[in-house]
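This briefing sets out the domain layout, sheet, helix packing and contacts of the structure shown below. The points are grouped by topic.

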Amino acid sequence: MAAVTGLTEALARTPGGRPAGMQVRRRRRLNAFRYVVFAVFGLFFVVPLLAMVRFSLEGTKLGTWSLTAWRQIASYQGSGIPPLSSAIELTLELAVITCVVTMVILVPTMIWVRLRVQWLARTMEFLCLLPLTIPAIVLVVGLGPIYNKIQHYELSALMLFWVYVILALPYAYRALSAGLSAIDVTTLSEAARSLGASWFTVMFRVIAPNMRQAILNALLLTWALVLGEYTIAYLLLYSNLQVELYSISRNTPNAGVLFSTSSAALLFAFVLLLILSFVGRRRRGRG
Amino acid sequence: MTSPVTKTTTGGAARTSVEVRMEGLSRHYGSVVALDRLDLTLQPGELIALLGPSGCGKTTTLRLLAGLEDADAGHITVDGKDITRVSAAKRDMGMVFQAYSLFPHMTVRQNVAFGLRLRRVSSAARDKRALEMLDLVGLSTQADRYPTQISGGQQQRVALARALAIEPQVLLLDEPLSALDAKVRAQLRDEIRRIQLEVGITTLFVTHDQEEALAIADRVGVMRAGHLEQLAPPTDVYSRPATSFVAEFVGLSNRLAGEVRNGEVTVRGRTLPLVDRSTPDGPAVALVRPEAVTLASDSAAESGPLVGTVIAVTFLGAMSRVTVDLGDTSIMAQLTTADASVLPAGSRVQLTIRPDPVLVSASSDPDVPAVEEEV
């Protein structure tokens, strides 16, 4: 009988030696903990966002609903400041230019460094991550004279893209670096070279297409950075979306348009994220 | 060795097989000598397999030939033309890599057609050629799949089709089977040989697998420390190794202490001829192949230099390897499984050593093979 009992106990134990019942209870407790953590953090993020959306839909009387603030996004103009639409337009243009310039500079350079000048990789990583460690005010002090000159020549505020490219470098670099590490760059390039491909073909027809997801991620990060950038533009006396929203909040009693514009920007970023995850999933789906 | 071949490529224009000559090829990595004045000639249409331990220089040789690395000294000529300083993209060589090298964003068909596209072949001709090549490797039904949707063996076949699609002058195979499981490996090995003979292309095959090299090649080059120890047909490399390193690296050898005298070696009372009759007289370690040893059950056998006890029988399929304890040393014999089945562990056996020519080891210690010293 003792032998039978021993066998039953042995069967009920897991390979680690713990009884199966204890394992199940432990797993349940762990799951419950996960749900609690997920719920707390979810509320932490979602409640302010929902509150922002709710404020943007507030009517003239407290507790009523209205779309007025959303309708005003394109046409709103506070006293003494340019129309909001021009700030939105400028920011979107800046985002596009910054994304394009960052990718044009970074993608070929990173592939080239990986393929041909590996010894430069550390230096490049250091240079690309450097902007993370430099406070915005230091950047502005450094860039001030250059931008003073630009303003002297009355060039467009779009010239802000240069400093945004520098700000975006660390994020774009990290995203692209992860993408490059995920593919066997050396073997793919050698295979292409043995088939007669030039270095240009290797970079743009073999390696870059396999970094599509990484490029999209880098674009998203760059886009989000430009959309949310306030300090540099404010200190250099340019008026982008965030500067404009701040001005509205300080100078006008109409807070609704402030919230509706912020919500719209956030919504836009969410839509972009969804598109990127859809593109990524479709690609993985092939596998 | 097969004779030089002039063949037509499948579905393509006639192309003559070419001779590849490497002369005095050297390559250093810092203070490490990867290749030391290597001379190697591949006859037209010939398949040479380079075999050797890690770091012996076989892959370096192939990469220098492909143009993926630059030689420090020496020359490479293909069909009489010096290509030593020609870039990899212009060398006209097809290459299959050890790692899966298909372009993940292209379908199988697009992968095979990639080299043709770079050569500005028309879309229709490209597609036709790609399908012909896929047909050659038996994968025409997988043309529209992506590399991640096919198996490792299929990926290497596609890589082979892609390398052949551009009708290269030389085919380079860099351990293309090493990532595959044993069965697929054997199948693909035979397939590579079939296709190579069919296309008639001069081929350099690099491997660390002896069985693969011996099975597939017209000639096998055994490399060690950046130079060729022996370049000969597989049967010669196995049965008449030029050096003790080759004898110990290719196949298994028993290391038996003996005495060299007048071009012969006496091992455990048995006199065997030497491959190298100029071996100096004196004590030596003879390298005896397990298949040269036969066993007969003899329970009444008295003690003697060639009498022992079976201590292990290793089943290898049709053949079995029997290890016999001779008291002061042990010896391996390779027998058919049927013969080995009557010799269970513990049996007393009488040994016979067939008088095949043998080599003596570079290492005088019977317990220390020269190959191990090398590694």
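This is a predicted model: local features need pLDDT of at least 70, side-chain atom pairs count only at pLDDT 80 or more; totals for chains, interfaces and linings use all residues.

**Helix packing, sheet, domains and contacts**

Helix α3 of chain B passes α4(B) in a right-handed crossing.

**Helix α3 against helix α4 in chain B**

- Helix α3(B), residues 123-136, packs on helix α4(B), residues 152-165, at an angle of about 135°, and their axes are 9 Å apart.
- On the α3(B) side the contact involves B:Arg129, B:Ala130, B:Met133, B:Leu134 and B:Leu136, which meet B:Ala161, B:Leu164 and B:Ala165 of α4(B).
- By class, the residues of this contact comprise seven nonpolar, no polar and one charged.

**Helix α4 against helix α5 in chain B**

- Helix α4(B) also packs with helix α5(B), residues 182-199, at an angle of about 15° and with the axes 11 Å apart.
- Angles under 35 degrees count as roughly parallel, and α4(B) and α5(B) are therefore roughly parallel to each other.
- The crossing of α4(B) past α5(B) is right-handed.
- From α4(B), the contact is made by B:Gly153, B:Gln156, B:Arg157, B:Leu160 and B:Leu164, and from α5(B) by B:Val184, B:Leu188, B:Ile192, B:Ile195 and B:Val199.
- These residues divide into seven nonpolar, two polar and one charged.
- B:Leu164 takes part in the contact of α4(B) with α3(B) and in the contact of α4(B) with α5(B).

**The six-stranded sheet of chain B**

- Six strands of chain B form an open sheet with mixed pairing, in the order β8-β9-β10-β5-β11-β12.
- Strands β8 (93-96) and β12 (227-232) of chain B are the edge strands, each pairing on one side only.
- On average, and with direction ignored, neighbouring strands of this sheet are turned by 20° against each other.
- β8(B) pairs with strand β9(B), residues 170-174, in the parallel sense over four bridges.
- Within these strands, B:Val96 stands opposite B:Leu173 of β9(B).

**Domains of chain A**

- The domain assignment divides chain A into domain 1 (2-56) and domain 2 (83-286).
- Five residues of domain 1 of chain A are in contact with seven residues of domain 2 of chain A.
- The side of domain 1 of chain A that touches domain 2 of chain A has four nonpolar residues, one polar residue and no charged residue.

**Domains of chain B**

- For chain B the assignment gives domain 1 (6-239), domain 2 (250-289 + 358-375) and domain 3 (290-355).
- Twelve residues of domain 2 of chain B and eleven residues of domain 3 of chain B form the contact between these two domains.
- On the side of domain 2 of chain B that touches domain 3 of chain B, β13 (254-261) and β15 (270-273) of chain B each supply at least two residues.
- β15(B) gives the most to that side, with three residues.
- That side of domain 2 of chain B consists of seven nonpolar, two polar and three charged residues.

**Contact between chains A and B**

- Chain A contributes 17 residues to the contact and chain B contributes 21 residues.
- The elements that give two or more residues to the side of chain A that touches chain B are α8 (185-194) and α9 (199-207) of chain A.
- The largest share of that side, six residues, comes from α8(A).
- The residues of the side of chain A that touches chain B divide into six nonpolar, seven polar and four charged.

Definitions and conventions
Residues are numbered from 1 along each chain as its sequence is written. Chains are lettered from A and ligands numbered from 1 in the order in which they are written. Domain bounds come from an automatic or database domain assignment. Ala, Val, Leu, Ile, Met, Phe, Trp, Tyr, Cys and Pro count as nonpolar, Asp, Glu, Lys and Arg as charged, and the others, Gly among them, as polar. Axes are lines fitted to C-alpha atoms, for helices over the stretch in contact, and angles run from 0 to 180 degrees between N-to-C directions. A crossing is left-handed if the near helix is turned anticlockwise from the far one by less than a right angle, and right-handed if clockwise. Two strands pair if DSSP finds at least two bridges between them. Angles under 35 degrees count as roughly parallel, over 145 as roughly antiparallel, 65 to 115 as roughly perpendicular and the rest as oblique.
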